[in-house]
Amino acid sequence: MQFYPSYLPPPQQRGFNYKIKPNIIRTQMADGHVRQRLVNTGTPHELSVTFIFSDEEYRKFMAWYRKDINYGQDWFYMPVLNEYGSTDSLCRIQNGELSASLNCVNNNGPLWSVQCRLDVEPGIGGDEVWIDPEGWDELYAYIWVAYYTNYEWPGIKLKKNRFGYYVFNLNLLKGYPYDGYVEFNDNNGNSTWSFYSYEIDDWCGRIIKVKPDSEEVEYLSWFN
């Protein structure tokens, strides 16, 4: 899965237009009333965005557009503003269509404006972390505080979402002090170092990669 490049600026917040589209069927009744029925909430939303690029950034964006996301055909992850703040969401350029125009030319060269409409799958919740454990077959979260734990090793088995990432929900830390720890493992000899619970809190709304025998965390997104 591709990510919006870290070397390019995010879309402009001004003019940010987000259309939420739950799948609702409306039925006109004989008595004049209209009945609405929610079919599902998984329908992609729509988002209109504008990017402002320098001449070099515009060339890099177009190269990414052509080669990495196949002229807009493929899905990619990009932080999107929502009720949780800015969280990684799965996006796709509608019909692959872009509108590019030259805004102005200043002392630093041309400034380009690129506009498009995106299909957006509902993103990561503000209380979730999506985890890629780098090839492990399973992922567990062992939660502990010095001198006691409520869980036996290997801890809580995390489930994969439909995008292939394991989901850790911040609710799992309820009842633990702020200085609690979380150690991720596969119950097969691989485990990370123990992370403070406040570190986990900082990861919410992000996709991360964890590695065995390491405190290193790689953010699989454009922001730090």
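# Exercises on cores, strands and cysteines

Cys104 has a relative accessible area of 35%, so this residue counts as partly exposed (buried is under 20%, exposed over 50%, partly exposed in between; 1.4 Å probe, protein chains only). The model is predicted, with local features needing pLDDT of at least 70 and side-chain atom pairs pLDDT 80 or more, while totals for chains, interfaces and linings use all residues. Residues are numbered from 1 along each chain as its sequence is written, and side-chain values use heavy atoms, without hydrogens and water.

**Exercise 1.** Determine how many disulfides the structure holds, then classify Cys91 as buried or exposed.

*Solution.* Step 1: a disulfide requires two cysteine sulfur atoms within 2.5 Å, and the structure holds zero. Step 2: for Cys91, the nearest cysteine sulfur belongs to Cys116 and is 9.2 Å away. Step 3: Cys91 has a relative accessible area of 0%, so Cys91 is buried.

**Exercise 2.** Describe the largest nonpolar core and the contacts of Phe61.

*Solution.* Step 1: a nonpolar core is a set of buried Ala, Val, Leu, Ile, Met, Phe, Trp, Tyr and Cys residues joined through side-chain atoms within 4.5 Å. Step 2: the largest one has 21 residues, and those with the most contacts inside it include Tyr4, Phe53 and Phe61. Step 3: at least two residues each come from strand 5 (45–54), helix 1 (55–67), strand 6 (76–82), strand 7 (85–93) and strand 9 (109–121); helices (H or I, at least four residues) and strands (E, at least two) are DSSP runs numbered from the N terminus. Step 4: helix 1 gives the largest share, five residues. Step 5: beyond its neighbours within four places in sequence, Phe61 is in contact with Tyr4, Leu8, Phe53, Leu98 and Val114, where contact means heavy atoms within 4.5 Å.

**Exercise 3.** Classify Leu102 by accessibility and list its contacts.

*Solution.* Step 1: Leu102 lies in strand 8 (residues 99–106). Step 2: its relative accessible area is 46%, so Leu102 is partly exposed. Step 3: leaving aside neighbours within four places in sequence, Leu102 touches Pro110, Leu111 and Trp112. Step 4: Leu102 and Phe53 are 49 residues apart in sequence, with a C-alpha to C-alpha distance of 9.7 Å.
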